Amino acid sequence: MIIKVKDIVSILEKKYPKNNAENWDNVGLLVGKLNQEVRKIQFSIDATENAIENAVKNGVDMIITHHPMIFKPIKSVTTMDILGKKIIKLIENKKSLYAMHTNLDSSKGGLNDYILHLLDVKESKIIDVNETDNEVGIGRIYTLSEKVTLEKYAEFIKKKLKIKNIRVICENKEKSIRKIALINGSGMSYWRKVKSLGADLFITGDVGYHEALDAKEAGINIFDIGHFESENCFVELLSKELEKIGVEIIVFNDGPVFETY
């Protein structure tokens, strides 16, 4: 059976439609041809130069990333800047590039829901519901069956999500929590909404100093689990969708960007 880019796109967009993405996002096929044959797929969080080079060396036909390589309109494509060099390299080597970002995050059964699955959460509600589909939206909020201390839940998070370190913003790590909000990636713009929903703890990434201070003074606890670390499991989620059709899958990540010593 010959698998083409359009077949992969059809599988992914049936479950995670492009129109589930945020208006500012840029998802879908960014570089390539729909009729290109696909034997091998590479999953990468970002389409870095190293990720593209790895795809070339390993005979990959299609790269699927979480973060879109192209966000804004492009005025030129040349080797004088990094983005242009990457686009040219993909085209010259006949590599297709497909991005699944906030449509994957927001969709039912998408990345937020998959993280909750890893955390053994059975029921949750959407934090910011999509205007056209009440089963789609940014973030999830859930309630534990019983209270637990911040310290114990931090250890639980690290174990379940395979994270070495997390940053904790709180007044007292021995404080008990029960209602928890989660937004993978960078979700601190939602901390006030999360607080208004009664969450004791907000789990996200990319937390800046001033927003952390504001949230702490407002009385909401924060776990910053890292942007890369909170989304790296997208590989596990999507691999399950594509392994069924027989394409070979490899994983390459040029990250995380931040390292702890």
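Modeller: First, a definition: helices (H or I, at least four residues) and strands (E, at least two) are DSSP runs, numbered from the N terminus. This is a predicted model, where local features need pLDDT of at least 70 and side-chain atom pairs count only at pLDDT 80 or more, while totals for chains, interfaces and linings use all residues. Residues are numbered from 1 along each chain as its sequence is written, and side-chain values use heavy atoms, with hydrogens and water left out.

Colleague: Okay, how many helices and strands does the protein chain have?

Modeller: The chain has 261 residues. Its secondary structure comes to 10 helices and 11 strands.

Colleague: And what is its radius of gyration?

Modeller: We take that radius over C-alpha atoms and compare it with the globule rule, 2.2 Å times the number of residues to the power 0.38. For 261 residues the rule gives 18 Å, and the chain comes close to that, so it's as compact as a globular protein of that length. The radius itself is 19 Å.

Colleague: What share of the residues counts as buried?

Modeller: Buried means under 20% relative accessible area, exposed over 50%, and partly exposed in between (1.4 Å probe, protein chains only). Of the 261 residues, the buried share is 48%.

Colleague: Which residues of helix α1 are buried?

Modeller: Helix α1 runs over residues 5-15. An α-helix has 3.6 residues a turn, so residues three or four places apart point the same way. The buried ones in α1 are V5, I8, V9 and L12.

Colleague: Is T65 itself buried or exposed?

Modeller: Take its contacts, meaning heavy atoms within 4.5 Å. Leaving aside neighbours within four places in sequence, T65 touches residues including I45, L97, Y98 and F234. At a relative accessible area of 1%, T65 is buried.

Colleague: How far apart are the C-alpha atoms of V38 and I3?

Modeller: V38 sits in the loop between β1 and β2, and at 3% relative accessibility V38 counts as buried. Beyond four places in sequence, its contacts include I3, K4 and V247. Along the chain V38 and I3 are 35 residues apart, yet their C-alpha atoms are separated by 5.5 Å.

Colleague: And what separates the C-alpha atoms of G137 and K240?

Modeller: G137 is in strand β6 (residues 137-149) and counts as buried, at 5% relative accessibility. G137 and K240 lie 103 residues apart along the chain, and their C-alpha atoms are separated by 22 Å.

Colleague: What is the phi of K94?

Modeller: K94 is in the loop between α3 (82-92) and β4, and K94 is exposed, with a relative accessible area of 64%. Most residues other than glycine have a negative phi. K94 isn't glycine, yet its phi is positive, near 55°.

Colleague: Where is D120 placed?

Modeller: D120 has a positive phi of about 65° although it is not a glycine. D120 is partly exposed, with a relative accessible area of 43%. Its place is in the loop between α5 (111-118) and β5 (125-129).
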